[in-house]
Amino acid sequence: MSQTSIKKLVLFFPRYDCEQPIIYHLVKDHNLIVNVYRAKVTPEEEGYLVLDVKGTEQDIDKAMEFLKTCNVVVNHSGKGVTWDEHRCTHCSQCITHCPTDALHIADPATRKIAFDEDACIECLACIRVCPFGACASAF
Amino acid sequence: MKTYEQINDRIASGKAVVLTADEIMDYVDKKGLEAAAKEVDVVTTATFGPMCSSGCFINFGHSKPKIRMSEAWIEDVLVYTGIAAVDVYLGATQLRHGDPANMYYPGEFRYGGGHVIEDLVAGKSLQLFALSYGTDEYPRREIRTWFTINDVNQATMVNPRNCYQNYNVAINDGDRTICTYLGVLEPRRGNATYCSAGQLSPLLNDPYYDIIGVGTRVWLAGAQGHVYAEGTQHAGACERTPNGVPMEGAGTLALTADMKHMKPEFVRGVSLRGYGVSLALGVGVPIPILNEQVLKRTCVRDRDIQAPVIDYSSDYPNKTGRTLCHVNYEQLRSGEIEIDGKKIAVASLSSYHKALEIANLLADEIRRGDFLLSGPIQPLPKNTAMKSLVIRKKPV
């Protein structure tokens, strides 16, 4: 039996494919548990979706094949929000606004900030409060 | 007792003993004050954070035919031209032309004077657009060109106020989120922010301005510059702890240095949501250990430095003068303070990480003999107070 795993994905929908019920098919046809972090899918425009999919590896692989047939571009890095270590000045403005401690002080002695991508739920609070533009969103 | 000359001789011969203000306390605890004062030559202090009262003079040289610029923009950011023909002053908080500011609150303020200064130091190509009314000897009426820092004759940073000795801790007692120059503050004391390098900060290691004065050589974003005046709003007359450390803003420094020698990682444009743009700067100041008293002052620890907690929803804008309480920097750096029984998460706007990096870079430069110290040619005032702007009727 195939093992259950979780994958974080960023999906890009070309303009002409925004109206397909893709999540429905992921759940119904491929038995995946879907956890959407955020989405911007507007008819007549491009769309983005950041989500976790949970299921057997076999089901996830089949779902990926299905997404390809829908012209959806799958970014397996799962990076809808990025943190640029070189733009970051390690001031710590972000840490009280980050609800999951994805942005945190890695070393109390040097006050160096680190970003745990897996813990990020893409609430975008860091983008709002970072004075140095160190955090960015793919959409 | 040591003199500047003796310390500079030791620096020049590569023998100077240099520690950072972050290291010196434990060193003195171990060695004792008397022995450490004989041994240590310099303690380096530093800070990195937004310093709004910053800017620079640029001289472009003359075009052919010549222009006397009467209005000018760099990357669409207005610069001051009320000086000589091709000299301009670019201020850190100047918004870009067409920025909607807070028209759609809270404004994002993505680019402004501070960012132009960052790009200039980073060597980027920038657009200059200038207009003139035309004169007999300066006939050109308009110019548009691109330049880098290497093309201009001078790019001199001239900052009327840097290095605030101490600073407020901001909280929000109101019931809506507010956007301030100390960051975004959540309602009902949802968070707190502060902005100081604490025990590493230059003027907190010289609380009575015994060492740092006009003429003191400083490390300004990697360039060797100096203190050219007391900073604006410098006010040494304030409440102090028994060890002499101010419990509020107090002293400031006016700094200048050649931007052509600056390092871009220490000159950073700042976008403060709902507030505006600014410039974050790295400053390092060496303290010569002339005697035990000077050394003792550099041993100040975060727990000995008190900062006032101010409500930025009402008390600060309305200038009530009310301070909710004081907290020390050890508490602030722990990430949580407690006020009236409520625990409040704390973040800094100033970067201790960068300040530490600067203190170490400066210490290395001094150890290598590349940075000599200069004593003040004039002390900073010790007891001046801060004046307020009084709104009065026109005198008859």
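**Before selecting anything.** This is a predicted model, in which local features need pLDDT of at least 70 and side-chain atom pairs count only at pLDDT 80 or more, while totals for chains, interfaces and linings use all residues. Residues are numbered from 1 along each chain as its sequence is written, chains are lettered from A and ligands numbered from 1 in the order in which they are written, and side-chain values use heavy atoms, with hydrogens and water left out.

**Stop 1: the sheet of chain A.** Select the 4 strands that form an open sheet in the order β2-β3-β1-β4 (chain A), with antiparallel pairing; strands are DSSP runs of E of at least two residues and helices are runs of H or I of at least four, numbered from the N terminus, and two strands pair if DSSP finds at least two bridges between them. At the edges lie β2 (33-41) and β4 (73-75) of chain A, each of which pairs on one side only, and from one strand to the next the twist averages 25°. Next, colour β2(A) together with β3 (residues 47-56) of chain A, which are antiparallel and joined by 8 bridges; within this pair, Ala39(A) has Leu49(A) as its bridge partner in β3(A).

**Stop 2: helix α2 of chain A.** Now select residues 57-69 of chain A, the helix α2, which packs on the sheet and touches β1 (4-13), β3 and β4 of chain A, where contact means heavy atoms within 4.5 Å. Its 13 residues reach 19 Å from first C-alpha to last, close to the 18 Å expected at 1.5 Å a residue, the expected span being 1.5 Å times one less than the number of residues.

Show the side chains of Asp59(A), Ile60(A), Ala63(A), Met64(A), Phe66(A) and Leu67(A), which are buried; buried means under 20% relative accessible area, exposed over 50%, and partly exposed in between (1.4 Å probe, protein chains only). What covers the buried residues of α2(A) includes β1, α1 (22-28), β3 and β4 of chain A. On the other side of α2(A), Lys68(A) and Thr69(A) are exposed, which answers the opening question. After the helix comes Asn71(A), whose phi is positive, near 65°.

**Stop 3: Leu203 of chain B.** Finally, move to Leu203(B), in the loop between β13 (191-194) and β14 (213-214) of chain B. Leu203(B) is buried, with a relative accessible area of 0%.

How values were computed
Axes fitted to C-alpha atoms, helices over the stretch in contact; angles between N-to-C directions.
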